[in-house]
Amino acid sequence: MSSIAAIATTPAGVKTLIPICVALPAKLWLSQSLAATLAADLAPVQHQVQPYDGPLRDVVEQLWPTQTGLVFALATGAVVRLIAPLLQDKATDPAVVVVEETGRQVISLCGGHQGGADGLTRQISQLIEADPVITGASHAKHFQGIDQLGTPFGWVKGSGDWTAVSAAFAQGQPIAVDQDSGTTLWRDHLPADHPFGFDPPASPLPTARLRISANQHSVDPSNDIPTAQWHPRVLWVGIGCERGTPRHVIETALEQVFQAHGLALESVAGVASLDLKADEVGLVELCESRRWPLRCFAAAELKDIPVPNPSAVVDAAVQTPSVAEAAAMVAADRGTLRVPKQVIRLEGEPGAVTVAVAQAERESIGRTGQLFLVGIGPGRLDQITPAAKQALGRADAVIGYGLYIDQIRALCRPGQIVEPWPITQERQRAERAIDLARWGLSVAVVSSGDCGIYGMAGLVFEQLQATGWDGKRPAVEVFPGISALQAAAAQVGAPLMHDFCAISLSDLLTPWEMIVKRLEAAAQADFVIALYNPKSKTRTHQIDTAHQILMAHRAPETPVAVVKSVYRPDQDIHLTTLADLPHAPIDMLTVVLIGNASTRQHQDWLITPRGYLGFETP
């Protein structure tokens, strides 16, 4: 759980930090005198203000061990002097970010990788539209640090010379990668000039090695190049034990098995057993101390699992011929049995422990995934809401139609999984996003305009509902965007000032007969109408039919705006009338806005009055 403190000593700095504190959120630490002076300005964050008395140095010293991040609106030199005596280790120091007092720049000062300062800097810079200043070598290479690449997937850092391996990466030296477990998704999104070699015999010879494995490799620095290890959490430990077996006996037995088979305890995803053991005190205490989930299965779920060492005695006692092996296999989703059951008795200790280990194909990330349904607006970065930008920055993965991914590529961060998809594979996109979120990743699904208006939001919710979604796991957040009809209207004035509707002329998902009914009803009711998907190379008659229906209910001089590729470099605006609509340039990237009885054109603007006063209604 993140805990962020923001600190300012001037009124200008406070005003810059207020929107940051609201969005993150963060506590705002101010001297008592400054808090009193700015009481009116602090209304948006009144419950987040923490006035302090005494030297700022004492406050920072107090916050240092308790916060995951410190955000200062101070001079960089002043911040350096404040934090210098407190710096201890990059693995434990908090993120330190400096925001230039007027909000023009955000600097990642300390704890860039492990502390998360680089990510916090990007998040804040997007929020206040500032320039991020990130000086780490990995940022220059458009890649997250080697010591961070496994974090999204729940990997655990193992032993090794992390400093030397990170230095080799920073210097662009070749690094051999030996990976025998865990996802390879991280490889699919590397920059073209990455230094990794996935085929060890290939040249050039590596100067460092990165191991990604469930095995515990011993490293001899005198006989090997610098090596560091990531451990994906792919191992499920099946445990059976006599009633009342103490925690330390179970733990020692597990450690002995892992050491004997060269497995890394860091790769344990969790413990599995029979449901009769759900309240076994020693087992529960072990899982709680190690923060491992304990999954317990009914005998009926285990008895038909093929195992190498079934036991008639166990079957007679608990109605399944296997506990440890079968439970490990079920928890690992029928993965590979790495260690058949081992029965361990410790001399002089009560109880016996049976241990088996199975390896899952996909690692456990260990957290609840999230789906961010993001509307990116009409296509220009300055038309994306700050909340949507933050969602894109927070996501482990970004999925969307390739054209839309290209439009937001500048907002994607190093190491992020970015998957562009073809235009016709909307359902596959939704399925992919849901799968990644159920695995445990945070996934942003992007749509142009607003994601809930002819976008991906509805399809994702449909897919979730069809699979028995409980409404909570994965969590879902919807981030609205500026819709195409809003963007087009803004370019031509105020045509949507009165009641309006949107109708898509595409019959791929809606029967054409239903579309015709909606056109008839909207035309008769005198709605301002926004036509989406009006025409394509192979679908041309729909706009002609729509024109005929509208002409039967509206005056020929009714103003019409034909807006193509709104807010994009090739934007084109064509103002015409309903009578001349068939001659307007229209394609699939066009939104057609058709006025009502009161809409008027003035110069190059369309204006729909807020009411019908002064006009005859049809």
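Student: Is Asp-587 buried, partly exposed or exposed?

Tutor: Burial is read from relative accessible area: buried means under 20%, exposed over 50%, and partly exposed in between, with a 1.4 Å probe and protein chains only. Asp-587 has a relative accessible area of 24% and is partly exposed. Please note that this is a predicted model, in which local features need pLDDT of at least 70 and side-chain atom pairs count only at pLDDT 80 or more, whereas totals for chains, interfaces and linings use all residues. Residues are numbered from 1 along each chain as its sequence is written, and side-chain values use heavy atoms, with hydrogens and water left out.

Student: With which residue does Asp-587 form a salt bridge?

Tutor: Side chains of opposite charge can pair when their charged atoms come close. A salt bridge is counted when a side-chain nitrogen of Lys or Arg is within 4 Å of a carboxyl oxygen of Asp or Glu. The partner of Asp-587 is Lys-564, with 3.3 Å between the closest N and O atoms. Asp-587 lies in the loop between strand 27 (572-577) and strand 28 (590-594), and Lys-564 in strand 26 (residues 559-564), so this pair ties together parts that are 23 residues apart in sequence. Helices (H or I, at least four residues) and strands (E, at least two) are DSSP runs, numbered from the N terminus. Lys-564 is partly exposed, at 27% relative accessibility.

Student: How many salt bridges does a search of the whole structure find?

Tutor: The search finds 20 salt bridges. One of them joins the side chains of Arg-290 and Glu-255, at 2.9 Å from N to O. Because Arg-290 belongs to helix 9 (residues 281-290) and Glu-255 to helix 8 (residues 247-260), the pair ties together parts 35 residues apart in sequence. Arg-290 is partly exposed at 28% relative accessibility, and Glu-255 is partly exposed at 32%. A salt bridge also links Asp-406 with Arg-409, their closest N and O atoms being 3.9 Å apart. There, Asp-406 is exposed at 53%, while Arg-409 is partly exposed at 41%. Salt bridges can also form a network, as they do among Arg-243, Lys-277, Asp-279 and Glu-280.

Student: How many disulfides does a search of the whole structure find?

Tutor: A disulfide is a covalent bond between the sulfur atoms of two cysteines. The criterion is a pair of cysteine sulfur atoms within 2.5 Å, and the search finds 0 disulfides. For Cys-241, the closest cysteine sulfur is that of Cys-296, at 10 Å, which is too far for a bond. Cys-241 is buried, with a relative accessible area of 10%, and Cys-501 is buried at 17%.

Student: Where is Thr-320 found?

Tutor: Thr-320 is in the loop between helix 11 (312-318) and helix 12 (324-331). With a relative accessible area of 0%, Thr-320 is buried. Contact means heavy atoms within 4.5 Å. Leaving aside neighbours within four places in sequence, the residues in contact with Thr-320 include Leu-274, Ala-299 and Leu-302.

Student: Which residues of helix 1 are buried?

Tutor: They are Gly-13, Val-14, Thr-16, Leu-17, Ile-18, Ile-20 and Cys-21. Among the elements covering these buried residues are strand 1 (4-8), strand 2 (27-31) and helix 5 (117-128).
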